[in-house]
Amino acid sequence: MDRLIDCSSLVAKIHEWTRADERVFEERLSDALKNYCEEISTGVKYTGFADVYDIFNEASVYKPSKTFKKRLKKLCDYILSTYVDYNNGTIAKCIMNKWWKNYQKDWSFATIHGGGPQRFYRMRSKVEGTKTYKIFKRKDLFHVPFDKREAIKSYRFSMIGMPCLYLGCSIYVCWEEMRRTVMDDLMISAFALNEKCSLNLLDLRIKREIKSQQELINYLMTLPLIIACSFKVKSDDGIYKPEYVFPQLVMHMIVQNSASDRKIDGVYFDTTQQEEDFESYIGNDLRMIENIAIPVYKVSNKGHCAKLKTMFTLTEPTTKEYEENKDPLYGIASSNPVENTIFYVLEERIDKKEFGPIE
């Protein structure tokens, strides 16, 4: 009988393939893409409806056709050759490569609608230039202003000098992205997407569950790009991080169109900073490890992106220390261990604060 893999097992495999090790990045990327194609070649099990007549919702199996496998292999070849071009300094060829133009319609996308219950969060260290939270306003928790672009470093999904609004889907994931900075040193705001707005995001999250065959097909075709964007950084101290090449190329492709013509607003992705010691806290709530990144729509000489300012409201920045001093964060212990964590109680407190424009 053919060996089959299911989506949850594939998650563990991807984490294994994208871990940090001493090999050069080209070798890490090549091996991961090769392993992936081999792993799914005989079929993938998923939980969902095989078709409209499937009323039992039992585990279904998708067996990739020769045409699908050929197209997938070609995408992986494009991704690898694009990295080789970048590594060789021929960066212009990376933009012209067929990895984006030929495959965009095959990938997974997610839409976030405004006016719903979903909240996002953003953190900033309060010791960056000051040790008092009092001067921090809403605008200080937005993206880096255009007149301070020289402060923007290279991050996974943002390019040097190019402002990008990073938001975490939980306070926990923000803390991980801040490399577990002492909580009392972090300013925190909650964000809400305005009712008349929506976000169309390239979905680069590693999924645990698939509900339909078409969703699975799109996901399997997106996974080479997810893999290329998900490698853990080998050297945090390095100025150049090859693991950031593809995430930043994705952002290059997103911002190539003007604000009015942009069909993709940003990316939806899992943190690579997740550690095993918090697995029990995360559980099945994948919101805990998810982020979105939205590059600015139009660059100005100063201030913030005009369109992004109209899309979001946020709370005044606060800190764990301030909230504890103002009113104890903990009351009667809950029977649910998750609800006794600082992340949970801070979200509960901050989500009830007043949301307003950045200025």
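This is a predicted model: local features need pLDDT of at least 70, side-chain atom pairs count only at pLDDT 80 or more; totals for chains, interfaces and linings use all residues.

Student: What holds strands of a sheet together?

Tutor: Strands of a sheet pair through backbone hydrogen bonds, either parallel or antiparallel. In this pair, Y268 stands opposite I292 in β10.

Student: In which sense do strand β8 and β9 pair?

Tutor: Parallel. Strand β8 (residues 198-204) and β9 share four bridges. Look for L202: its bridge partner in β9 is V267.

Student: How many residues of strand β9 are buried?

Tutor: Five of the five, across residues 266-270. Strand β9 is therefore largely enclosed by the rest of the structure.

Student: How do β1 and strand β2 pair?

Tutor: In the parallel sense, over two bridges; strand β2 covers residues 44-47. Find I5, and you will see it opposite V44 in β2.

Student: On to helices. At what angle do helix α1 and helix α7 pack?

Tutor: Compare their directions. Helix α1 (residues 7-17) and helix α7 (residues 213-229) pack at about 10 degrees, and their axes are 12 Å apart. An angle under 35 degrees counts as roughly parallel. So α1 and α7 are roughly parallel to each other.

Student: Which residues meet there?

Tutor: From α1 come C7, L10, I14 and W17; from α7 come L216, L223 and I227. By class, the contact of α1 with α7 has seven nonpolar residues, no polar and no charged ones.

Student: What about α7 and helix α8: at what angle do their axes cross?

Tutor: Roughly 120 degrees, and the axes come within 7 Å; helix α8 spans residues 245-254. α7 and α8 are therefore oblique to each other. L225, A228 and C229 of α7 make the contact with F246, P247 and V250 of α8. By class, that is six nonpolar, no polar and no charged residues.

Student: Let me try single residues. Is T318 buried or exposed?

Tutor: Check the relative accessible area. Under 20% means buried. T318 has 3%, so it is buried. T318 lies in the loop between β11 (312-314) and α11 (320-326).

Student: What does T318 contact?

Tutor: Set aside its neighbours within four places in sequence. T318 is then in contact with L186, M187, I188, E323, I350 and K353. The side chains of T318 and E323 are also joined by a polar contact of 2.6 Å.

Student: And where is D147?

Tutor: D147 sits in the loop between β5 (120-125) and β6 (164-168). With a relative accessible area of 41%, D147 is partly exposed.

Student: Which residues does D147 touch?

Tutor: Not counting residues up to four places away in sequence, D147 touches N301, K302 and G303. Zoom in on G303: its backbone nitrogen lies 3.1 Å from a polar atom of the side chain of D147.

Key. Residues are numbered from 1 along each chain as its sequence is written. Side-chain values use heavy atoms; hydrogens and water are left out. Two strands pair if DSSP finds at least two bridges between them. Axes are lines fitted to C-alpha atoms, for helices over the stretch in contact, and angles run from 0 to 180 degrees between N-to-C directions. Angles under 35 degrees count as roughly parallel, over 145 as roughly antiparallel, 65 to 115 as roughly perpendicular and the rest as oblique. Contact means heavy atoms within 4.5 Å. Ala, Val, Leu, Ile, Met, Phe, Trp, Tyr, Cys and Pro count as nonpolar, Asp, Glu, Lys and Arg as charged, and the others, Gly among them, as polar. Buried means under 20% relative accessible area, exposed over 50%, partly exposed in between (1.4 Å probe, protein chains only). A polar contact is a pair of N or O atoms within 3.5 Å; within protein, one must be able to donate a hydrogen and the other to accept it, and residues adjacent in sequence count only if both atoms are side-chain atoms.
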